[in-house]
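Take a few of its residues and helices in turn.

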Amino acid sequence: MEINYQEMLFQFLGGLGIFLFGIKYMGDGLQSAAGDRLKDILDRFTTNPFMGVLAGLLVTVLIQSSSGTTALTVGLVSAGFMTLRQAIGVIMGANIGTTVTAFIIGIDVGAYALPIIALGAFCIFFFKKKGITSFGQVAFGFGALFFGLELMSGGMKPLRSLEAFHDLTVSMASNPILGVLVGTIFTVIVQSSSATIGILQELFSQDAISLNAALPVLFGDNIGTTITAVLASLGASIAARRAAFVHVLFNLIGTVIFLILLIPFTYLITYLQDTLSLNPAMTIAFAHGTFNISNTIIQFPFIFALAWLVTKLIPGEDKYIDTKPQHLNPTLIEHSPSIALGQAKEELKRMGEFTVNGLGEAFQYLNLGEKKHAENALQYETGINNLDKKITSYLLEISAKPLSVKERDEFSNIADSIRDMERIGDHMENIVELVDFKINKKVNLSNDATNELKEMYEFTLVTLETAYSAFFENDVEKAKEVLSRENEIDKMERVLRKKHIMRLNERQCSGDAGIVFVDIISNLERIADHSVNIAETILTVESN
């Protein structure tokens with residue numbers, strides 16, 4: 001029988017595309033249902049490496065992507081929410097979590113793929129409730145996953161009669177390292193270990209590849225999936241590169257161990273297949289799960305050694321911003337609410353420092369255009385949001401305790417200032433986004449515009465710092481100075497707007513440059529307004 005290569009290739013590639021879309025869409029649906037809880041799971045439940053493994057497993061099951069979990073983890077390490085040792089536990093858990101897709105594929109429901117897709121589409125298009133549409137996404141993705149597999153399976157059937165493919169599988173069976181290379185390269189190309197494991201399951205189901213040849217390819221798939229994290233870490237912080245390298249090292253070590261134990265491992269999988277009456281796809285799923293769970297158990301006791309090793313292999317002192325609270329001791333609330341209130345104010349001081357430092361990084365980004373300053377500013381903004389939540393929760397607990405009139409006033413001032421600082425963080429982020437726009441659109445500001453922005457920025461920064469001094473030192477004179485300076489900033493904004501309109505009329509600046517300039521000075525003016533709000537709390541207390 002003559003093979004139609006075009007039909008075979010189109011069916012395989014189309015099926016692969018639908019399969020990848022199915023995994024992505026199913027993961028998006030699960031993530032949508034989980035909301036913002038994914039980062040919270042990783043942040044709160046990684047107190048030790050074992051909890052990190054469980055958190056990594058759970059998050060990967062929810063988003064159906066070990067690479068996605070690794071990327072989240074890298075972000076948390078860079079932001080100072082998680083140590084490298086905790087991150088290693090999460091990465092190990094992510095490797096176990098990614099095996100769930102293979103087990104799903106092992107439950108052969110390909111015949112019902114189209115009705116499942118129809119159910120998902122019905123939920124997406126005929127319901128507005130978020131929970132039902134999220135379920136629809138999951139169902140549609142689940143059905144698309146199996147429909148893509150069916151198409152790939154049809155495209156791969158002729159491979160059994162190809163002499164070249166038969167010779168390759170025989171070579172992989174006799175030379176496991178070749179199988180590892182094939183699995184690694186194919187996963188690097190496809191960028192999804194779930195897809196390559198799915199293809200392996202279909203090939204094994206059709207007797208197109210033996211178990212001896214399939215297992216080394218499976219090991220290679222696990223190495224190949226680390227490329228996403230490696231690419232994401234290029235040019236990133238040292239912490240990000242170390243976390244990505246741990247992912248590579250973990251799978252490389254596991255592959256070496258299991259290549260040495262390949263013969264007994266093959267016997268074990270064959271025994272499980274016979275004893276549990278597993279179908280071919282489920283056999284590969286069990287092999288994948290056994291490999292990753294065993295690899296985690298073997299390497300888990302050496303997490304400290306892995307952290308030490310990657311620190312030596314990727315040297316340097318990583319600069320990260322410690323955004324975790326340092327003064328919020330919950331035991332003080334019960335025993336001494338007044339001292340707890342003082343601790344909340346100390347933490348608020350750190351929040352204020354984040355706004356000042358973040359604003360400085362945002363303007364360094366404007367002046368120099370270096371991405372590291374944008375990343376630093378956004379890290380500070382993340383820290384501001386985190387402290388906003390933590391201090392507010394802490395204050396809520398304090399509010400339930402008996403406080404004097406003076407302490408109640410202090411409580412209100414702290415609560416009000418938190419809101420203002422959080423808004424300052426938002427304006428800081430807006431400035432970073434405007435600079436992003438400027439760089440992406442290749443917008444050039446005139447020398448006059450640049451100098452005016454610098455002048456207003458410096459004036460605003462001094463106003464903000466004066467407001468903080470007034471608040472934390474209870475200095476009435478400084479609070480009055482802030483009010484005076486804010487009036488000057490309002491005048492400055494009006495004057496600079498007029499000057500820039502003149503430059504636009506004289507064609508000295510483009511329309512895009514006008515947007516950037518006007519929006520930046522507007523954000524600076526709003527920061528000055530929030531500075532006044534903070535300073536006014538002192539004047540209110542004084543008048544009482």
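With a relative accessible area of 0%, L387 is buried, because buried means under 20%. The model in which this value was computed is a predicted one. L387 belongs to helix α20, which covers residues 371–399. In sequence, L387 lies 62 residues from P325, while in space the two are 6.5 Å apart, C-alpha to C-alpha.

A second residue to look at is H288, in helix α16, which takes in residues 280–299. H288 has a relative accessibility of 1% and therefore counts as buried. Which residues is H288 in contact with, leaving aside its neighbours within four places in sequence? They are T98, T99, A102, I197, L218 and N222.

Two of the helices can be followed as a pair. Helix α12, residues 211–224, packs with helix α15, residues 262–275. The angle is about 110 degrees and the axes are 11 Å apart. At that angle α12 is roughly perpendicular to α15, because angles of 65 to 115 degrees count as such. The crossing of these two helices, α12 and α15, is right-handed.

On the α12 side, the contact is made by L211, N212, L215, P216 and F219. On the α15 side, L262, F265, T266, I269 and T270 take part. How many residues of the contact of α12 with α15 are nonpolar, polar and charged? There are 7 nonpolar and 3 polar residues, and no charged ones.

Notes. Residues numbered from 1 in each chain as written. Predicted model: local features only at pLDDT ≥ 70, side-chain atom pairs only at ≥ 80, totals over all residues. Heavy atoms only, no water. Helix = DSSP H or I, 4+ residues; strand = E, 2+ residues; numbered from the N terminus. Buried < 20%, exposed > 50% of the residue type's maximum accessible area, 1.4 Å probe, protein only. Contact = heavy atoms within 4.5 Å. Axes fitted to C-alpha atoms, helices over the stretch in contact; angles between N-to-C directions. Parallel < 35°, antiparallel > 145°, perpendicular 65-115°, else oblique. Left-handed = near helix turned anticlockwise from the far one by under 90°. Nonpolar A, V, L, I, M, F, W, Y, C, P; charged D, E, K, R; others polar.
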